[in-house]
Structures are given as structure tokens and as C-alpha cells.
Amino acid sequence: MNDRKPFGGVMFLAAGAAALLLTVFFVAPNSGSAADAFLDAVKRGMSAESITVKNMSSGKEPTFEAASEEATKKLDSVAAVLTDGETAAANENIAEKSDEYETPSDIAAMRDEYVAAFAEAKPQGRVTECFFTTNGSTVSVGNVHIKNTTSKTPDFASLLKDGISIDAPDLSKPTVLIFHTHTTESYLMADNGVFYSDYQTRSEDPSRNMVRVGDEICRRLEEAGIGVIHDTNIYDATYNGAYARSRKAVLEYLDRYPSIKVVLDVHRDAVYTTETDHLKPVCEINGKKSAQVMIITGADGGPVASFPHWEDNLKFALALQKRVQSEYEGLMKPVYFCNRRYNMDVTPCSLLLEFGSDANTLDEAVYAASMLGMSLGRLINEGAVK
């Protein structure tokens, strides 16, 4: 496991309400049964491009209301946790430094335990694979596809051409902060096409929730010589107010470590056709299945009154999308550019990342994190002003 140090017992008691809900509902037009039509299309080898996509929850911008007294008490003892550039050496489950990826031994063990535990269980529903390329996108520049739901019309081609520059003369200092507003989001453990009512894709266990995905990004960045802080705090023990609590923590880190330039909030999505039919965005790279990744970047407008340097964030999102797609074609879903802030206003290089869905496996999500982490490391090294 990673070598972690307590962050001085700092308590995060900020309150808030409303959460990021980017659950997607798929509808096949002119069909008596939308879910069956979609699944039939997938079985015929069609991608998500063939299906109309509707966002049924319209993920609202978080507001900041007072948390209940009970919820506040539960958070009284929560303290932030750091990694300080030594995670690659401390992680006993990962092989020596290499661009190659093999399923880590701890994840393989959890998969085997899962298969054994549910060997006799009756499935609750189906898991269907779906591959996203341009689905829902409104703009394409080369291999970069963007779904622009704002009223803004940036010159995406120019932003991509400009590239990025990061004022980071010493990348060994804390340069990247990774945290998880919805820390307890987790995954299935086996790729067997079904899910079970007795298995929940929420967990406080850092070996199987979003912390495990963040650990892998950290490992790859540290191999690239980049200093990382990984906040493994649980901010969604009470779901409402998670963004307010994580924001307070992020601002604490930025105050303590002014060398931080890149801030990533790492999540997973939830994609479904019905309550019993879930979809997982998946691709195959180097003969191995990976969860697909979506970058979310925001701007002012609609519910967001103020969002300084949103264009810088967009430029960073496009640069990362282009780099990853060039190195690992198919890994990325279209960039989601929206009138949302989700704490992405804290630095000019702040993004929210969605690694697969609740129907992907942990192994697929960690594999995706490994590849994105390597691409991000190269992008930061090349863009750093030293």
C-alpha cells in the first residue's frame, strides 16, 4: 500500500448539497422497448454512435446549504491523507517500473473472491459493453471530440494548437493533487456480464473504491518524476455536501503547497438502460479490456455565475484528450464541456475525470488509470516551464 502521512489532523466540516449525477439513459427511437432495442443493437456489433443519448438527471451545479447536525458529527474525525512521491516504491502489489500493465495481485484476488462468493447467486441484471467515440459530440478537431453544452463557441482548434505551459520549475515538488469528491464509488470485480442485488458498487475500502484508481495515476506520475499529493479522504459518507467538503480540503492543500498546478477530481459514472440493465463504456488496448474515460471541464453560464480561467481549463482538457487518444486510441469518450464548476475553478488546470461506470470492473478502471497517468506524466513534463 502507499506510504501515507496524516495532514495535521485537519478537519473538514464544510456543508453543502447536490451532487454530480452524470448518469446517462439511452433511448432507441421508434421502438416499443428502448432498452431491448439498445441491447439488440449492441449485440449486432453497433457502437453507442447508433443510439440517441439523453441525460435524464441533468447533473446540477452543487449548492452550499448547511449539513444536518448528524452528518456534521460523522465528519468530525475525518482528516486528509497525503502521498509524497514514494508510492511507487511502497506499493507491493505492482511490478517494477514499466509501461506494461498486468492485473495487480490484490485486484486478481478480489476478482477470484467475488466469483466464488456469487457462484450460486441469481443475477439481478445484465451488463452490456458499449464503445464511445463521437457519441453526443458537437465539435471534432482531429481525434479530439467535444460535447459542448454551453452557449460559448471557443476556437477549439486554436486552443489545441496552442498546447499548454505549466509554471513548474521543479516537478519533484507537489505538482498534481488528486482527490475524490465521491470517494466511495466503486466497481464490479469480475467481467461476467451480470450484476447481483447483494453486491453494492459503493465501498469505503480504499483497495476497491476510487482511491485505488487514484493510486494508479499517482504511481505513473511519480515514475515520470512528478510530485503528487493523493487525498484519500471520504467526502461522500453523507452524499449531500460532498463538493463543499472536498472544496475546503482542496483549498487547504493549495494554501499549504503552492507548487500544485494540476488538480484532478477522480470519479466513475453510472450508465444504464433500465434498473436491471447496466452499460459499461469499454475499449480494448493491447489486447486487454479497459474502461473508457471522460474528461469534464466547465465554464460560467447557466447556474454558474463566476468561473475564472475556464478557458485555461478547457485548453488543458483538450491537450490531455489529444495526448491520450494519440497514445491509446479509443480510451477517451468525448470531452464534456458544460456550464458546471464542480470545484474546477481552483486552478487553471483543474478537471473532473470519470473512469468507466459502475458496471466496469476495478481492473478495467485501474488499467485506464495506468494509461492516462502515463500520458498525463508525459504531457506535464513537456509542458513544464523549467
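1. Contacts along the chain. Take the contacts in the protein chain with a separation of 6 or more: 85% of them join residues 24 or more positions apart. Keep in mind that this is a predicted model. The examples further down show such contacts one residue at a time.

2. Overall make-up. The protein chain has nine helices and 17 strands. It holds 386 residues, and 56% of them are buried.

3. The main core. Which residues have the most contacts inside the largest nonpolar core? They are Ile-178, Val-213, Leu-264, Phe-316, Leu-331 and Phe-355, in a core of 82 residues. Helix α9 supplies the largest share of this core, with twelve residues. In soluble globular proteins, nonpolar side chains tend to be buried together.

4. Look at the partners of Leu-264, leaving out residues up to four places away in sequence. They are Val-176, Leu-177, Ile-178, Phe-179, Leu-351, Leu-353 and Leu-376. Another core, of twelve residues, lies apart from the largest one. Its members include Leu-177, Ile-229, Tyr-257 and Ile-260.

5. Helix α6 against helix α9. Helix α6 covers residues 210-223. Its axis and that of α9 are 8 Å apart, and the two helices pack at an angle of about 30°. Angles under 35 degrees count as roughly parallel, and α6 and α9 are therefore roughly parallel to each other. The crossing of α6 past α9 is right-handed. On the α6 side, the contact uses Arg-212, Val-213, Glu-216, Ile-217, Arg-219, Arg-220 and Leu-221. On the α9 side, the residues include Leu-362, Ala-365, Val-366, Ala-369 and Ser-370. By class, this contact of α6 with α9 has nine nonpolar, three polar and four charged residues.

6. Helix α8 against helix α9. Helix α8 spans residues 310-327, and α9 spans residues 362-383. Their axes come within 9 Å and cross at roughly 125°. That makes α8 oblique to α9. This crossing of α8 and α9 is right-handed. From α8 come Phe-316, Ala-319, Leu-320, Arg-323, Val-324 and Glu-327. They meet Leu-372, Ser-375, Leu-376, Arg-378, Leu-379 and Glu-382 in α9. By class, the contact of α8 with α9 has seven nonpolar, one polar and four charged residues.

7. Tyr-101. This residue sits in the loop between α3 (87-90) and α4 (105-117). Is Tyr-101 buried or exposed? Tyr-101 is buried, because its relative accessible area is 12% and the cut-off for buried is under 20%. Val-366 is 265 residues away along the chain, yet the C-alpha atoms of Tyr-101 and Val-366 are separated by 9.6 Å. Tyr-101 touches Glu-216, Lys-288, Asp-363, Val-366, Tyr-367 and Ser-370, with residues up to four places away in sequence not counted.

8. Ser-246. Helix α7 (residues 242-256) contains Ser-246. Its relative accessibility is 0%, so Ser-246 counts as buried. Thr-181 is 65 residues apart from Ser-246 along the chain, and their C-alpha atoms are separated by 5.6 Å. What does Ser-246 touch, not counting residues up to four places away in sequence? Its partners are Phe-179, Thr-181, Tyr-235 and Asn-343.

9. The loop between β16 and β17. Strand β16 is 335-338 and strand β17 is 350-357; Asn-343 is found in the loop between them. Asn-343 is buried, with a relative accessible area of 5%. Its phi is near 70°, a positive value in a residue other than glycine. Met-344 lies in this loop between β16 and β17 too. At 1% relative accessibility, Met-344 also counts as buried. The C-alpha atoms of Met-344 and Arg-247 are separated by 9.4 Å, and the two residues are 97 residues apart along the chain. Setting aside neighbours within four places in sequence, Met-344 has contacts that include Ile-296, Thr-297, Gly-298, Phe-307 and Asn-313.

10. His-309. Here is another positive phi in a residue other than glycine: the phi of His-309 is near 45°. His-309 lies in the loop between β15 (293-298) and α8. Its relative accessible area is 26%, so His-309 is partly exposed.

Methods: Residues numbered from 1 in each chain as written. Predicted model: local features only at pLDDT ≥ 70, side-chain atom pairs only at ≥ 80, totals over all residues. Heavy atoms only, no water. Axes fitted to C-alpha atoms, helices over the stretch in contact; angles between N-to-C directions. Helix = DSSP H or I, 4+ residues; strand = E, 2+ residues; numbered from the N terminus. Parallel < 35°, antiparallel > 145°, perpendicular 65-115°, else oblique. Left-handed = near helix turned anticlockwise from the far one by under 90°. Contact = heavy atoms within 4.5 Å. Nonpolar A, V, L, I, M, F, W, Y, C, P; charged D, E, K, R; others polar. Core = buried A, V, L, I, M, F, W, Y, C linked by side-chain atoms within 4.5 Å. Buried < 20%, exposed > 50% of the residue type's maximum accessible area, 1.4 Å probe, protein only.
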